[in-house]
Amino acid sequence: MPENKGQFDVAYVAHLARLQLTDAEMAQFSTQLQNILAYVTKLNELDVSNVEPTAHAVPLTNVLRKDEARPSIERERVLANAPESARDLFIMPKIVE
Amino acid sequence: MSLHTLTVCQLRVKIHRGEVSAREATQSLLDRIATVDGKVKAYNWLNAADALAQADAAKKDGALAGIPIAIKDVINVDGQPCTCASKILKGYVSPYDATVIRKLREAGAILVGRTNMDEFAMGSSTENSSWGTTRNPWDLERIPGGSSGGSAAAVAADEAFAALGSDTGGSIRQPAALCGCVGLKPTYGRVSRYGLVAFASSLDQIGPFTKDVRDAALLLGVIAGHDPMDSTSVPRPVPDYVAALERGVKGLRIGLPKEYFIPGMDREVEAAVRAAIGKLESLGAEVVEISLPHTDYAVAVYYLVATAEASANLARFDGVRYGARVKGEDVIDTYGKTRGSGFGPEVKRRIILGTYALSAGYYDAYYLRAQKVRTLIRQDFEKAFAKCDVIVTPTTPEVAFKVGEKSDDPLKMYLSDIFTISVNLAGICGVSIPCGFARKLPIGLQIIGKVFDEETILRLACAYEQVTDWHKQRPKL
Amino acid sequence: MDYEAVIGLEAHVQLKTQSKMFCGCATEFGAEPNTLVCPVCLGYPGVLPVMNEEAVRKTILSGLMLGCEIARFSKWDRKNYFYPDMPKNYQISQYDLPLCKGGMVAISGKTLGITRIHLEEDVAKSFHYETTSGVDFNRAGTALMEIVSEPDMRTPEEAFAYLTALKEVLIGGGVSDCDMEKGQLRCDANVSVRPVGQKAFGEKIEIKNMNSISGVRRALAYEIQRQIAAAKRGEKMVQETRRWDDETGVTSVMRTKEHAHDYRYFPEPDLMPVVVSEAWLSEIRSAVPELPEAKRRRFVEQYGLPEYDAEVLVADAAVAAYYEQAAAGSKNPKAISNWVMTELLSRFADSKIAPAQLAELVAAIEAGQISGKMAKDVFAEMFATGKNAAVIIKEKGLVQVSDAGALEALVEQAIAANPKSVADFRAGNAAAINFLKGQVMKLSKGKANPQLAGEILARKLQGA
């Protein structure tokens, strides 16, 4: 684990998570998260070289469903929750690649 | 006697005998809520007309026929809002029932209202709610615990006969302890998560808050079971939890982990817990000292694994298909503003932490390492359960703190989950039951069991309850 | 300095299943927008995915057909990025332990490697307007198989052949209809150039938005030229994503490496791994159909057909099946092939002729019952009515005259009626016999067996 790989770049990570933060939040989170990250470095004390990660909480496999079509939900209910809809579509600002 | 003070089992008998109607029970509850909820603020959403209509239409048969149950505002109920105490879900109306809700309906229960919580189940005090903080019925200046603070407070204040909550790192057990009621976290996979708004997918479980252990056993029996809509639910038959309560505890081996009796604990909490253990011994149980050596790492593991999963689970809240939207100049700006203003600070902190733990260059060091230490924690319990049948600990190191006391130090808040978190990481079951008071504030005893051994922890809890009356105490409101 | 191109292709194939990958919504092309949706594929709060068994099966089948190694243990991962066509803003996919690894596609003269095949869920469809975009989630959650090739292709033609062969296998296996116009097969390419002889790969550029297999060929042809030209100018290639515009015929930059996504892959906690047992694998293996390549070879060997015939007949599964049934009842499979290719292929769906009936017709020709010319009329009637050849021949009185006695009489008649031709023939004009033969056919109203008539005529002209 990085002992303290330079300043934790809150702005970059917030962008990855699509969160717009105020300057105050940026500053406050930066400090708070640095503290938390410093705390979690205690995990470095342990030797985990021969330990498997816990991928799943229950040891199940092949949980499969028969390929059968089931009724969908009425469009009116679906669009009723949409913040903006038109022409039976969910509307967003124009997507520009 | 006021109906609202009854337990579920007591009410069931009266309804079954025709002494009380579902409507009367529901009305009594609504009256109680009207009287005290202005102070307790347990409920986010209440529709009296709807509740009474359900009561009038209630089934006559079913394990919970005519019994009103409160629902934490994180579980989807068809036609109801589901805010998760967040502004970002303003306006959202669920188009479907969670599986547990379907099961409650099939059992004849009445869904009486939605209770307050920490936003997206992230918190230990219910101070992170967009709708204000719920108050501890035992002292209105104090928090009820979290994240299921509303459900715990409602049951403690007789504003609900029982309630559903969710537990990811202690969010049922800790508020149950702080509010003096029973709170059960089932084994991971015992109860379906379909319809539970996900916080940490590999840790979340839905469970009941009740006034006594018998009620908890009854409710667990109703909501438990395999669900084809949840790939993580386990195809294992549901035993009769109520019948299993009677088996007695003679010879039951109780493990006491030395790591859970720490300096810095509230002295009275420790004393109450030790007294409770003494009581269990007098009932015939044997005490064994055990060690859970990786206890100290649990909080660190949790705040990497849970936040990582949460960062992905909460990505869907983007203002495209439901909920609130803040319009921006383009798509990215819309996402940023919607999520930046829609989520509260604790949620944003955890999303950032979780995103970082998964990000390129840091995955191995943070997320992967944490999942490996999680395995060590799980193995601690497996080894311990070779020596004992259940593990008993305090539920929390301290009693309810004052509103605002810890809210500006996230890390301090996280550390108060120290006794409950490991249970989620190991995927095992745990129940908190009242075992005393410190300065008139409730203290919780946690009984931890092996995977799918809810019967044993409930049996022990029931035996303790039968020789004590902590669970019968009620706050003065 | 000469340059060569290195091409790798990523194909996304929509699987032909009744329901979506993780929910029970139906999969239908062209349905009204947002009518094939549910809380799961819309990414509503609280929903959970459940794996479609048939999608897993079809992916394993594809792996078997393409010679892949099927993973005994396979798992799911979350691929995290934000986009309006992503209901959860993460896609459930497979990262480090996909269902299939390795494999290959054979094209003429070369085998092209496959790196891996994995299963994931498709995204929604967006429509773009002036200031807004609209999203239709019908497609979101459809089972999608991603096939990643090794960077083994060197020319646009090889890429074209790879995709054509891949389509053939997948369609033949009933895995997908691979209709690119319906978005059932989508393709992205990775292209780089390097000096011939250099071992190291050049910087690879991703090309997107190629909407047909020939579009892929065109885009690659352009991009390779562009990169070679740039390399010759001494320009350094940077990793980027470019968009092909089929109308203008150029690629342009979409995304540079700095803006490449950090997908933050981690194991999907809501889905359990897939363990493929020996029993399951055997069961799926028994469902692997005969692949087109093998079928063509068998047609050549079993029916003695030329490669051309085999290629034509095997190209359509229904035609191939029809052929085999007809050929089974025939002593002359080549003749059957000729009839199928020339007379049936273009209007196969409209024909009323059963395979056995075609075989009967061919047999009648072989037996000399009718001439090849008469057979065409019989065939036309069979096509329209579905009646047996024998019935039609009888009805129309078309039985070929092969009786030697009858033919002799006709031949003598023709000789007697055409002394000049006879004299021409005897004078050395060999071709005059054809006129006489024609007269015999005319006298017999076309029913004379032409071969026999010719023999008798030749004999009578030579002898007495």
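## Two domains of chain B

In this predicted model, 21 residues of domain 1 of chain B are in contact with 17 residues of domain 2 of chain B. On the domain 1 side of that meeting place, the touching residues divide into nine nonpolar, nine polar and three charged.

## Where chain C meets chain B

Let's move on to the contact between chains. Here 24 residues of chain C are in contact with 34 residues of chain B. Sorting the chain C side by residue type gives 15 nonpolar, four polar and five charged residues.

## A sheet built from chains A and C

Chains A and C both supply strands to an open sheet of four strands. Reading across, the order is β2(A)-β3(A)-β11(C)-β10(C), and the pairing is antiparallel. Which strands stand at the edges? They are β2 (85-86) of chain A and β10 (125-128) of chain C. Each of them has a single partner strand, so one side of each is left without a neighbour in the sheet.

In general, strands of a sheet pair through backbone hydrogen bonds, either parallel or antiparallel.

## A closer look at β10 and β11

The partner of β10(C) is β11 (residues 132-136) of chain C. Four bridges join these antiparallel strands.

Notes: Residues numbered from 1 in each chain as written. Chains lettered and ligands numbered in written order. Predicted model: local features only at pLDDT ≥ 70, side-chain atom pairs only at ≥ 80, totals over all residues. Pairing = 2+ DSSP bridges. Helix = DSSP H or I, 4+ residues; strand = E, 2+ residues; numbered from the N terminus. Contact = placed C-beta atoms within 7 Å. Nonpolar A, V, L, I, M, F, W, Y, C, P; charged D, E, K, R; others polar.
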